[in-house]
Amino acid sequence: MPTRYVLQPVDPNDRSKRRRLEARERRRKRRLVAAGLLLSLIAAGVLGGVIATHFSGSKPVRAAARAEPKPKPKLQLLQPRPWPEEVRGVHVTVALAGVPGKLEEYIAMKSSGLNTIELDIKDENGDIGFPVNVPLARQVGAAKQYYNVRQAVAKIHASGLYLIGRIVTFEDPLLAAGAPSLAIRRPDGSRWLTNGGLGWTNPYDKRVWKYNVDIAEQAAKLGFDEIQFDYVRFPSDGDISQIVYPGKKTQPMGWTIPLFLKYARERLKPLGVRISVDVFGLSATRNLGIAQFPRRIAPFVDAIYPMVYPSHYVSGEYGILDPDSRPGTTVAYSLRDFRDKLRGRKAKLIPWLQDFSLGHTYSLSDVADQIQAARLEHSKGFMLWNAAGVYTEEALATPPFK
């Protein structure tokens, strides 16, 4: 029970004693307020844990009286499928993927060492291999039905193979014709075309960026393990002097491709898919005027795939009289330049190797020499290219150096 105080009559003139009594009364009232607050807390259960701990003889837990907010759970990002220890792959076009039984033939190459298939999502003509929920693709007639994408993904994964989806980016005749405001122009306002009569879209235009990444996003959600952007550059084939890029250019040409890949990464990475890019074989050696700079690109991709086809190198490159006749040496020199440019970057180096004949007839030994050169230059693996889809299967079984 609180102490009772009996007030005695005080001489009004005794001010000192009166002040002492008033101070005592104020202290009594404060104690009564504190006791009431304590009882309220106990009744609300806030101090129940502390009191129980006290009477059990254990050390009081101070946090019980002032519980701190629980930390928010961290957002778990999806992770891509594991990379093969050494990538050994081939390219498959949209047309071949739609031929009954053809995809199964490529999958069967697993017995010879194949572990990766690159399947066209959007090709050089602007055709998309399967319907996508991208309004602009439907508007320009790009979304076709070459192959059943869900079945293709399921078959490839069921076989334990890694699946790359290729998107030809800025060379896009269908989009350039169907949406002329997105196309590269000539000074007279007409569409600029390559020597082969193909239209290009404007690499500066963010609407073109969105179109390609919208398609990539659909593919990622369908199960592709990696999205590989090809023709992610400025044009090189045609009268470059006649090119006019419509609209305002918000960044220098040399930074446009890295910024596009940064945009693609921001949208695609949360989906648990890898991002890669194809580049010219000489892009690490010199400025080709197409805005492909491997060191600038590397921070935004998981892998860079240089197209080191020996037939594409002119006489005298790397001091070799005929690079096409010395495929292993040509590949080694080119990849050495790439390794030098990418030093300190995390992006993997995986070359596209030549498995076709152009002037010089390629044999098994020519393809195998390129594969061994890629291994000597510490690449993550290799991909074989043949536009006709015919591959030297025995080359895939080329054993690594001991």
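The protein chain has 13 helices and 9 strands. The model is predicted. Of its 402 residues, 46% count as buried. Among contacts in the chain with a separation of 6 or more, 77% link residues 24 or more positions apart.

Start with the core. The largest nonpolar core holds 90 residues. Within it, Phe 224, Ile 227, Phe 229 and Leu 261 touch the most other members. Helix 8, residues 206-222, gives this core its largest share, 9 residues. A second, separate core has 13 residues, including Trp 83, Tyr 309, Phe 356 and Met 383. In soluble globular proteins, nonpolar side chains tend to be buried together.

Setting aside residues up to four places away in sequence, Phe 224 touches Leu 119, Ile 121, Phe 130, Tyr 147, Val 149, Val 153, Leu 163, Ile 164, Gly 165, Ala 219 and Val 273.

Now the helix pair. Helix 8 packs against helix 9, residues 253-268, at an angle of about 35 degrees. Their axes are 10 Å apart. The crossing is right-handed. Helix 8 makes the contact with Trp 209, Lys 210, Val 213, Asp 214, Ala 216 and Glu 217. Helix 9 answers with Thr 256, Leu 259, Phe 260, Tyr 263, Ala 264, Arg 267 and Leu 268. By class, the residues of this contact are 8 nonpolar, 1 polar and 4 charged.

Ala 220 sits in helix 8. Ala 220 counts as buried because its relative accessibility is 10%, and the cut-off is under 20%. Beyond its neighbours within four places in sequence, Ala 220 contacts Ile 227, Leu 271 and Val 273. Leu 271 is 51 residues from Ala 220 in sequence, yet their C-alpha atoms are 6.7 Å apart.

Gly 254 lies in helix 9. With a relative accessible area of 17%, Gly 254 is buried too. Leaving out neighbours within four places in sequence, Gly 254 is in contact with Ala 291, Phe 293 and Arg 296. Gly 254 and Arg 233 are 21 residues apart in sequence, with 9.8 Å between their C-alpha atoms.

Thr 201 is in the loop between helix 7 (173-178) and helix 8. Thr 201 is buried, at 0% relative accessibility. Outside four places in sequence, Thr 201 contacts Thr 169, Phe 170, Asp 172, Leu 175, Ala 176, Leu 182, Ala 183, Ile 184 and Val 208. Val 208, one of these contacts, falls within the residue range of helix 8.

Last, two backbone points elsewhere in the chain. Most residues other than glycine have a negative phi. Tyr 318 is not a glycine, but has a positive phi of about 60 degrees. Tyr 318 belongs to the loop between strand 6 (303-307) and helix 11 (327-341). At 19% relative accessibility, Tyr 318 counts as buried. His 378 also has a positive phi of about 60 degrees. His 378 is in the loop between helix 12 (364-376) and strand 9 (381-385). His 378 counts as exposed, because its relative accessibility is 61% and exposed means over 50%.

Definitions and conventions
Residues are numbered from 1 along each chain as its sequence is written. This is a predicted model: local features need pLDDT of at least 70, side-chain atom pairs count only at pLDDT 80 or more; totals for chains, interfaces and linings use all residues. Side-chain values use heavy atoms; hydrogens and water are left out. A nonpolar core is a set of buried Ala, Val, Leu, Ile, Met, Phe, Trp, Tyr and Cys residues joined through side-chain atoms within 4.5 Å. Buried means under 20% relative accessible area, exposed over 50%, partly exposed in between (1.4 Å probe, protein chains only). Helices (H or I, at least four residues) and strands (E, at least two) are DSSP runs, numbered from the N terminus. Contact means heavy atoms within 4.5 Å. Axes are lines fitted to C-alpha atoms, for helices over the stretch in contact, and angles run from 0 to 180 degrees between N-to-C directions. A crossing is left-handed if the near helix is turned anticlockwise from the far one by less than a right angle, and right-handed if clockwise. Ala, Val, Leu, Ile, Met, Phe, Trp, Tyr, Cys and Pro count as nonpolar, Asp, Glu, Lys and Arg as charged, and the others, Gly among them, as polar.
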